[in-house]
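Morning, everyone. I'd like to talk about salt bridges today. Here is the model.

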Amino acid sequence: MAPSMTPPEGCPMHQPAEPVQKKEPAPPPGCPMHQPEKPTPPPGCPMHQGGNAPVTDKLNELNMMPSQISQEKQQDQQVDLPTERVISSIPTANKTSKWEYPSPQQFYNALRRKGWETPEEEIETMVDIHNFLNEEAWLEVLKWEEMRSCPCKEDPYLVRLQGRPRELSPKAWWHSLWGSPLPFDRHDWYVGRCGEQRRYVIDYYEAPEDVPGVPVFFLDVRPAVDDTQSAFIRLKAAAAEKWAQWFPATPSNDSSA
């Protein structure tokens, strides 16, 4: 559905609503994730609470993350990680601010708290990839929102999100029956606009490598079929893609000028 895009320094990504998924470009050569023995992506974003993780901090119900994420360096940590947080392009519900990404130090602390040992020198790249994927997911949400009829001129905004890495979406489950790979993470995003909320499902996949040791990821972003309009635009998008496959546009032979 979307053309391939080159990620910022150090990242990859994306895919449309149909099962035949397009691979996005891999990270550039300088990325530490290019190591031959790359780690398998952990089951779910470390910033989200889930499973049996022994987290006792009070959770922010908007993103299921601890309300206060530590910026403190681990006692045995060897690499100094930045504590600056990046502001995303994704509006919050109050429409005057945008969602804020965790700092590399917070990201590392979340990994350690969940028991995921990760090389400290790769954390900044992992955060770049995490942020880039979320930005691309939001762009795909906006494309879906453009297909909706909206009585007002309000721009979409992200009300809340939930990580659900251990719950297969119906689409991912169905494709897995036919041999498709399982996603390594899933998010549900609740998007507000014109006084209504709609749920979007995002499945995160690791794609086959074009170059050994160079990981490639893509996303499958689509509205959940929770209402008639969402079901309609899903069908409309699927029909448009099939039509383009069956009846590809032919270049004009008109050479008149």
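Start with Lys73. Lys73 is partly exposed, at 40% relative accessibility; that class lies between buried, under 20% relative accessible area, and exposed, over 50%, with a 1.4 Å probe and protein chains only. Its salt-bridge partner is Asp80, with 2.5 Å between the closest N and O atoms. Asp80 is exposed, with a relative accessible area of 60%.

A word on the source. This is a predicted model, where local features need pLDDT of at least 70, side-chain atom pairs count only at pLDDT 80 or more, and totals for chains, interfaces and linings use all residues. Residues are numbered from 1 along each chain as its sequence is written, and side-chain values use heavy atoms, leaving out hydrogens and water.

The rule for a salt bridge: a side-chain nitrogen of Lys or Arg within 4 Å of a carboxyl oxygen of Asp or Glu. How many salt bridges does this rule give? The count is 15.

Next pair. Arg112 bridges to Asp76, closest N and O atoms 3.1 Å apart. Arg112 sits in helix H1 (residues 104-113), Asp76 in the loop between strands E2 (65-66) and E3 (87-91), and 36 residues separate them. Helices (H or I, at least four residues) and strands (E, at least two) are DSSP runs, numbered from the N terminus. Arg112 is partly exposed at 22%. Asp76 is partly exposed too, at 45%.

Now Lys171 and Asp220. Buried or exposed? Both are buried. Their side chains meet at 2.9 Å, N to O. Lys171 belongs to helix H3 (residues 170-177), Asp220 to strand E8 (residues 216-223), 49 residues apart.
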